[in-house]
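Hi,

Here is the model I promised to pass on. Have a look at it first, and my notes on the aromatic rings follow below.

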Amino acid sequence: NETTLEKVTLKVNNFTKFINGITHKIGYVLLFGLMLVTVADVLMRFIFNSPIKGTMELTEIIVAMVVFFSLGMGQILGNHLEIDFLVDKFPIKIQQVVQIIIYLVGSILLTLLTWKLFELGVSSMNSGEVKGDLGLPVYLVIFSVTIGSIGFTLTYLAALLTTVTKVVVNK
């Protein structure tokens, strides 16, 4: 019999995987687009001695978006580095407490990061700030990165909830 906490944990994890699955796929598309822009820029530079205007800016923007859109899925798949040689020697209950602390602190820090990114986006939107040659409004980039940050934050919150659920249900 599943407890209410286990059901909520499952729903949060499924929602987190869904959101991060979407952002990760968008990251794939952006990375493919970056490849096309880069190839076109090199060809234009080589054949016509005329590079595509704003390619460097576009590259910076796309790389930032790809990174933030992929962080959450990297966390879900366990692709981030962990140094746990010391914690692995602790009893299981202590390991779970350490995990709870890590996920709690990570959740708090990522929530603050996401909040500050959102505030920066609002500030940029209000100031009308644009990016160099392309004239692209900076707030669009910041809000996009904020979406990726939300997904990454959700992974830590879901991991925190999962770990707490394991501790509570196993009592």
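Tyr103 is buried, at 15% relative accessible area, and Tyr156 is buried as well, at 17% (buried means under 20%, exposed over 50% and partly exposed in between, with a 1.4 Å probe and protein chains only). Please keep in mind that this is a predicted model, where local features need pLDDT of at least 70, side-chain atom pairs count only at pLDDT 80 or more, and totals for chains, interfaces and linings use all residues. Residues are numbered from 1 along each chain as its sequence is written, and side-chain values use heavy atoms, with hydrogens and water left out.

There are four aromatic pairs in the structure. To pair, rings of Phe, Tyr and Trp (its six-membered ring) need centres within 6.5 Å; planes under 30 degrees apart count as stacked, over 60 as edge-to-face and the rest as tilted. One of the pairs is Tyr103 with Tyr156, edge-to-face at 5.7 Å centre to centre and 75° between the planes. This pair links distant parts of the chain, 53 residues apart: Tyr103 sits in helix α3 (residues 92-127) and Tyr156 in helix α4 (residues 138-169). Helices here are DSSP runs of H or I, at least four residues, numbered from the N terminus. Ring pairs also join Tyr103, Phe152 and Tyr156 into a cluster.

Tyr139 and Phe143 make another edge-to-face pair, with 6.0 Å between centres and 70° between planes. Both lie in helix α4, four residues apart, or about one turn of the helix. Tyr139 is partly exposed, at 23% relative accessible area.

Finally, Lys116 lies over the face of Trp115, 4.9 Å from the ring centre (the criterion is NZ of Lys or CZ of Arg within 6 Å of the ring centre and within 35 degrees of the ring normal).

Best wishes

Technical notes
Helices (H or I, at least four residues) and strands (E, at least two) are DSSP runs, numbered from the N terminus.
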